Amino acid sequence: MSERKVLNKYYPPDFDPAKIPKLKLPKDRQYVVRLMAPFNMRCKTCGEYIYKGKKFNARKETVQNESYLGLPIFRFYIKCTRCLAEITFKTDPENTDYTMEHGATRNFQAEKLLEEEEKRMQKEREEEELNNPMKVLENRTKDSKLEMEVLENLQELKELNQRQANVDFEAMLKQYKELEEEQRRREQEEDEQEMNRAMLEQAQNRRLLEDSDSDEEPTKARPNPTAQSKPTDILQEGPQPQSKRPRMESWERSVGKLSTKAQLAGLVARRKEKEKEKADPALENGMETRGTTASTGSLPAAAAAAAATSSLGLLGAYSDSEDSASD
């Protein structure tokens, strides 16, 4: 089974390419090509405008007996879109453009015609100056006169504009200087305000830092001297707050405290009662009071109560000795 897409073909051993007959095509044969209109044109038959870039199915042929530097020139046949009249144009390799032949007129061609006229005049002038030196001198004098006239006309126009303008340059310069000074003064004021604002912010920040530092420093509490030389001072003072209570020892827990003045009131005896009572009953009364207050459990009060009891006992003994001496 043969391949579907054959790349190589079979040539027999007696194949002679010279025996293949050649096609005899005419030199002015035409081809159908797709092109766009190279310029704006107007049909001469119906007056229809055909704009540049409009697409046509055109017939192309080679122009016989015409060429430019060995380059062939082609002719194109198109039909008007309205009346189907035939329009022809051909290439112009000399000017890299197209030329209109018949069937329509080219639009917007004034600039091109002007350029062509200038080129024609320049060519004629060069041909005249080639063999006539006097013509060259005449053309140079004409050019210099024309240049002087153009400069004079330009100067007259400038003077006319200055007379009509009436511009006071001194006033304009003065106004410009005033605006410049005002702008400089405004910039200085803005700089001063910015500097004052920055200094104020620095002062406020410094003050806040100082306040925060003073708040963060802990105040050292100075211990107040609480020297109680007499053991009976506890009787005149009230009970101490619990936050300032000293450390409790183990032997003081079993003694207790005197929490109220009513409990200590029994320890204070008047002078007449002291004279009647003796030392032993006073000591026994003190021991009973200490036993009754042992259940409260306060260290300093208990110690103070014991000291007060001993002091009362001494006072009672002293009073007895005075009585015996008086007798």
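# Questions about a predicted model

Visitor: Is Asp92 buried or exposed?
Guide: The relative accessible area of Asp92 is 15%. The cut-off for buried is under 20%. Asp92 is below that cut-off, so the residue counts as buried.

Visitor: In which sense do strands E6 and E7 pair?
Guide: Strand E6 covers residues 86–92 and strand E7 covers residues 97–102. Strands of a sheet pair through backbone hydrogen bonds, either parallel or antiparallel. For E6 and E7 there are five bridges, and the sense is antiparallel.

Visitor: Which residue in the turn between E6 and E7 has a positive phi?
Guide: E6 and E7 form a hairpin, with four residues between the two strands. Most residues other than glycine have a negative phi. In this turn a phi of about 50° belongs to Thr96.

Visitor: Which residue in E7 does Phe89 stand opposite?
Guide: The two strands concerned, E6 and E7, pair in the antiparallel sense. Across that pairing, Phe89 faces a residue of E7, namely Met100.

Visitor: How do the rings of Phe89 and Tyr98 meet?
Guide: A search of the whole structure finds five aromatic pairs. In the pair of Phe89 and Tyr98, the ring centres are 6.0 Å apart and the planes stand at 80°. Planes over 60 degrees apart fall in one class, and therefore this pair is edge-to-face.

Visitor: Which residues do ring pairs link into a cluster?
Guide: Phe89 and Tyr98 form an edge-to-face pair. Ring pairs join these two to two other residues. The cluster consists of Phe39, Phe76, Phe89 and Tyr98.

Visitor: Which residue lies over the face of Phe39?
Guide: Phe39 belongs to the cluster of linked rings. A charged residue lies at 4.4 Å from the centre of the Phe39 ring. That residue is Arg106.

Visitor: What is the bridge partner of Met41 in E8?
Guide: Strands E2 and E8 pair in the antiparallel sense over three bridges. They belong to an open sheet of three strands with the order E3-E2-E8. The edge strands are E3 (49–50) and E8 (104–106), each of which pairs on one side only. Within E8, the bridge partner of Met41 is Arg106.

Visitor: Which members of the largest nonpolar core touch the most other members?
Guide: In soluble globular proteins, nonpolar side chains tend to be buried together. Here the largest nonpolar core has 15 residues. Strands E2 (41–43), E4 (55–68), E5 (71–79) and E6 each supply at least two residues of this core. The members that touch the most others are Leu35, Met41, Ile50, Ile78, Ile87 and Phe89.

Visitor: What is Ile78 in contact with, leaving aside its neighbours within four places in sequence?
Guide: Ile78 is one of the core members that touch the most others. Its contacts include Glu86.

Visitor: Is Leu69 buried or exposed?
Guide: Leu69 lies in the loop between E4 and E5, and has a positive phi of about 55° although it is not a glycine. Its relative accessibility is 72%. The cut-off for exposed is over 50%, so Leu69 counts as exposed.

Visitor: Where does Leu84 lie?
Guide: Leu84, a residue other than glycine, has a positive phi near 60°. At 60% relative accessibility, Leu84 counts as exposed. Its place is the loop between E5 and E6.

Note on methods: Residues are numbered from 1 along each chain as its sequence is written. This is a predicted model: local features need pLDDT of at least 70, side-chain atom pairs count only at pLDDT 80 or more; totals for chains, interfaces and linings use all residues. Side-chain values use heavy atoms; hydrogens and water are left out. Two strands pair if DSSP finds at least two bridges between them. A nonpolar core is a set of buried Ala, Val, Leu, Ile, Met, Phe, Trp, Tyr and Cys residues joined through side-chain atoms within 4.5 Å. Buried means under 20% relative accessible area, exposed over 50%, partly exposed in between (1.4 Å probe, protein chains only). Contact means heavy atoms within 4.5 Å. Rings of Phe, Tyr and Trp (its six-membered ring) pair if their centres lie within 6.5 Å; planes under 30 degrees apart count as stacked, over 60 as edge-to-face and the rest as tilted. A charge sits over a ring if NZ of Lys or CZ of Arg is within 6 Å of the ring centre and within 35 degrees of the ring normal.
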